[in-house]
Amino acid sequence: MANKQEILTAIKNLDVFLKIPELKGAEVRLNPNGRPFAITGGFNMVFQLTHNSKKWAFRVWHVSMGETKERYQAISKYLAEKKLRYFADFIFEEKGILVNGDLLDTVRMEWLEGVLLKEYLEQNLHNRAALETLAANFILLFHDLHINQISHGDLQEGNILINANGDIRLIDYDSVCVPAIEGEKDLVTGLKGYQHPSRFKQSRASLKADYFSELVIYLSILAISENPALWGKYQVKDSCYLLFSETDFENLKASAIFNDLKGLSTKIDKLLAILINFIKTKDYTNLSTFTSYLLPPKINEFLADKEVILQGGEVVLAWETENTLEVRISNVQASFTSSGHYLLKPKSSEEYCLKAVGFFESQEQKIKIKVFPTPEIRDFSSSFSKIKPGKVTTLRWSCSNCERIELYDGTYSYDVTNKTSLDVNPTITQLYKLRVTGYASLQVKEAVLNVQVLPDTKIDEFTASKLITIQTVPTILRWKVRNGAQLILNPGEIDITGTSNLEVCPSTSSTYELIVRHELHESRRTLRIDVTPLPRIENLRLPHAPQLKLNPPNKVWPLLPELLSGEIPVNEQDEIFVNQVLPGRFPYSGSISRFLTQLFPHLEKAKSTLLYKTIFYIKNFLAVIAGVDGETFKHAEAGRKSWDSIGLNVLIAGVMAGASMASLIVLLGFKYLLLWLWLGLITMFSIMVLWRLGLRFLVPNLNKPIFYTGLIFFLITLSFVISAPMEAILLTVADPEYRLEVTPILEQLIHWVLLKNGEYALIVLRGALRVCSFIILGLPFYMAWSVRKGTYAYLKNSRADLEIIMTTK
């Protein structure tokens, strides 16, 4: 940045270094010593230039402008637009002069002629008219600045010129504030004797920065015009103040200047009051122009959001005034600003008066707030809350603080303001509403009362799914009732309120009673359920079997004692049968024999053991199933006929078993088919064991009639034993807690048999079940007997073949 000497050198040679075309040919003012006339400050130097007889103050910065460049550009542009007569031409020139090779920014301002404010006051110290005119011109200046949103920012005696015509001109625009720079950092905060104390606490540019200075200057001019002696007493000429200093603002009423000014005139007193009010304001940005206080106070608005309220309610008072020092509201212990609002909670009707206090006078405006008590319903009841249809009940109420009382029955509304009761006879349950309206219709309160109309209880239906049932077979009671508050089922006093059916399982015939009741009536109805006992086998006695003598025949093969002891000898015939006869009948018997021998390696050493005989019998059985080829041996034809007889018998038994199983599937469904197969297999196995080891072999002297009679008796007895659970399955009463599911066909059949035809049908059903059980048990026996018969015939022929082989050998 250029230094001061370099700037002076450039100013001496304007024709070379000045770069502003509008100032071409300008001349600088010189001192008697030939050096340029200059006013040097901390940041810049100001020179006087003359161009075409017009003088300019030409400012050049010897330190960097920083952010002030944009500030000066904004001020220059705004003042050029407004063109107020109080400001000189103020032009920011970018790169206006060349100094030591650098182009520097400059500001040129018209050089104003005139005297400073203090000089003018001293010249006209005893010219009251001139000073009063000056004061009036200041009022106009302040008004124009406010209208155009401009504040000088440093109004004081050194920045105010008065020309020969008495016109006021302002100089030094470093502190000027325009809308574009409001809120930016202040470059200059002014002299303390002219500024509000808070101005130095927040150094931000504000359009209200002049409000305090304007009052101080105006009051000082008027005071000097009325008492010129103040000029000398306070040595105004030699000080940097007019009449007030910053210490006076700390406690104005105790200051000497306050005592000297007080009482000079009403106007001075009024201005002093404004100054006191200004000093009380903590933030200068909250000030208003002092000229607004000189006008009479005006109440623009005084309103209440509600003029009629209930006790305990709230009211908001709002006001807007002008030209007031303070605002007061009667009955409120507080003072307020020129505009605002206040929340009230009046306890009674009252009139509120707003008083706007100005400097010369005050104005008042009143509002009346009416406060009414809250409506209240003390009681709302009826003589009977529950009645029968056609009966009368009396509604009664007690209310206070109300203008109107209405009774609403759901259809019509009745005005009962002057009544305290009313007789009603509703036909159905009715909800009555009492509506109370407070004074001025501010609030409505309501109370409701329910009068129940209870018709007589009625039982429309009380039935059961089964009027005749079996022990442990449940039945479902169903009912339809009306107008009942409580339902009871006897015996047992069972509360069934809210239900429409109940499953019961009586063990004996029982009578059920249904009771339907409410507070005013009760109905009853009974229903009898007949219970049939469960089917069961009673006094099962088996006839005495004849005394049998156990004498196993010696010629019967195989011998039971030897079989049981495992000592049957393996003779030559057995070996021939296994090794020669059997392979011819059953080609794969040799492979099976070798497999079994490998599986049991000790077989060759223990041929006389039970294991060998067991394998031998397995081979015999496999040979029987393999069939006979009819050509190898002599008795093949007889063996083939025996096998044909076996096939026919098995076919007949299979057809009968298939028909029985199909019937069971229709009745019980597929899920119980395995149960029947299991019973059949167990029965067949039992009969074959008894036949093999008992009746036929152990009792050789038992003739056929006796044998078959005993066998049939055994099957009948076994069928009785098995038919009992079969009956339980068919009747679905095997387990009351877990009843077996059956097909719809069987369920309908059971219901029809038991419930429509009584015990005779049950007897028939029991007989049918026993016959069915006998047939099912007999079928496996018949099949086993047929297989046994064919097997013996075949083995007999095979033994004949064996004898032929042995004879030949």
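The model is predicted, so local features need pLDDT of at least 70, side-chain atom pairs count only at pLDDT 80 or more, and totals for chains, interfaces and linings use all residues. Residues are numbered from 1 along each chain as its sequence is written, and side-chain values use heavy atoms, leaving out hydrogens and water.

**The chain as a whole**
- You will find 18 helices and 33 strands here, where helices (H or I, at least four residues) and strands (E, at least two) are DSSP runs numbered from the N terminus.
- Of the 809 residues, 41% are buried, meaning under 20% relative accessible area with a 1.4 Å probe, protein chains only.

**Helices H6 and H9**
- H6 (residues 211-226) packs against H9 (residues 266-280) at about 155°, with axes 10 Å apart; axes are lines fitted to C-alpha atoms over the stretch in contact, and angles run from 0 to 180 degrees between N-to-C directions.
- The two helices are therefore roughly antiparallel, a label for angles over 145 degrees.
- Residues of H6 in this contact include Tyr-211 and Phe-212, and those of H9 include Lys-267 and Ile-268; contact means heavy atoms within 4.5 Å.

**Glu-314**
- Glu-314 sits in the loop between strand S11 (308-310) and strand S12 (315-322).
- Its relative accessible area is 35%, so Glu-314 is partly exposed, a class that lies between buried and exposed (over 50%).
- Not counting residues up to four places away in sequence, Glu-314 touches Lys-306, Ile-309, Leu-343, Leu-344 and Lys-345.

Definitions and conventions:
Parallel < 35°, antiparallel > 145°, perpendicular 65-115°, else oblique.
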